[in-house]
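Colleague: I have the sequence and the model open. Can we go through them by question and answer?

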Amino acid sequence: MPSWQDRPQLPATWQRCDARILPLWWDRACAQMGEQSAALYAAGLFTEDRRRPIAQWFNPAFKAALLVAPETSPEWPVQRFGIFYAPPDAGFVRIHSAPHEWSPRQPRRSPTEQEAFLAAIAEAERFLQVEMDFV
């Protein structure tokens, strides 16, 4: 069976929207930690829409979101994708998961940036499957 058939479908209420970081992230970060700290969090992740690639899912019915994005400073020798969850209505948390890392100094050595990104997306989608059982 092809690998795409192994993956369960995401709940229909979650929409993928990767074009730009949702304003919801900035609003929640400011409310949770203050504007100055939010601006510095994860190398400016929520203030600068420059870090790519990203993957996002949004649930308008619950005002919830999930984000996969680089969370380390660009100059670090090891880069990492983080998974962030904004639960219904308020706050946000970093989801603790397997490290989805790659080394930009050795771009052809596995895991590559693309491999790390795809692994983080797969883990984020699994999180959404489980989360919908509790929402």
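Colleague: In which sense do β3 and β4 pair, and over how many bridges?

Modeller: First, the ground rules: this is a predicted model, where local features need pLDDT of at least 70, side-chain atom pairs count only at pLDDT 80 or more, and totals for chains, interfaces and linings use all residues. Residues are numbered from 1 along each chain as its sequence is written, and side-chain values use heavy atoms, with hydrogens and water left out. Strands (E, at least two residues) and helices (H or I, at least four) are DSSP runs numbered from the N terminus, and two strands pair if DSSP finds at least two bridges between them. For β3 and β4 the sense is antiparallel, over six bridges.

Colleague: Which residue of β4 is the bridge partner of Ala65?

Modeller: Strands of a sheet pair through backbone hydrogen bonds, either parallel or antiparallel. β3 and β4 take the antiparallel sense. In β4, the partner of Ala65 is Ala86.

Colleague: What is the strand order of the open sheet?

Modeller: The protein has four helices and five strands. Along the sequence the pattern reads α-β-α-α-β-β-β-β-α. The sheet is open, with five strands and antiparallel pairing, and its order is β1-β2-β3-β4-β5.

Colleague: Which strands are the edge strands?

Modeller: An edge strand here pairs on one side only. β4 pairs with β5 in the antiparallel sense over six bridges, and Arg80 has Glu101 as its partner in β5. The edge strands are β1 and β5.

Colleague: Which residue in the turn between β2 and β3 has a positive phi?

Modeller: β2 and β3 pair antiparallel over five bridges, with Ala55 partnered by Val68 in β3. They form a hairpin with four residues between them.

Colleague: How many residues of β3 are buried?

Modeller: Buried means under 20% relative accessible area, exposed means over 50%, and partly exposed lies in between (1.4 Å probe, protein chains only). Across the 135 residues of the protein, 39% count as buried. β3 is mostly covered, and its buried count is seven of seven.

Colleague: Against which strands do the buried residues of α4 pack?

Modeller: The buried residues of α4 include Phe117, Ile121, Phe127 and Leu128. Glu123, Glu125 and Glu131 are also among them. Packing rests on contact, meaning heavy atoms within 4.5 Å. The strands they pack against are β1, β2, β3, β4 and β5.

Colleague: How far apart are the end C-alpha atoms of α4?

Modeller: Helix α4 has 19 residues, 113–131. The expected span is 1.5 Å times one less than the number of residues, which gives 27 Å here. The model agrees: the end C-alpha atoms are 27 Å apart.

Colleague: Why does the pair of Trp25 and Phe46 count as stacked?

Modeller: Rings of Phe, Tyr and Trp (its six-membered ring) pair if their centres lie within 6.5 Å; planes under 30 degrees apart count as stacked, over 60 as edge-to-face and the rest as tilted. The centres of Trp25 and Phe46 are 5.7 Å apart. Trp25 sits in helix α2 and Phe46 in the loop between α3 and β2, 21 residues apart. The pair is stacked because the planes lie at 5 degrees.

Colleague: What is the angle between the planes of Phe46 and Phe92?

Modeller: Phe46 is buried at 6% relative accessibility, and Phe92 is buried at 3%. Phe92 lies in the loop between β4 and β5, 46 residues from Phe46. The ring centres are 5.3 Å apart, and the pair is edge-to-face because the planes are at 80 degrees.

Colleague: How many disulfides does a search of the whole structure find?

Modeller: A disulfide here is a pair of cysteine sulfur atoms within 2.5 Å. Cys17 is partly exposed at 24% relative accessibility, whereas Cys30 is buried at 19%. The number of disulfides found is zero.

Colleague: Which residues does a cis peptide bond join?

Modeller: The bond has an omega of about 0 degrees. Its proline lies in the loop between β5 and α4. The residues joined are Ser110 and Pro111.
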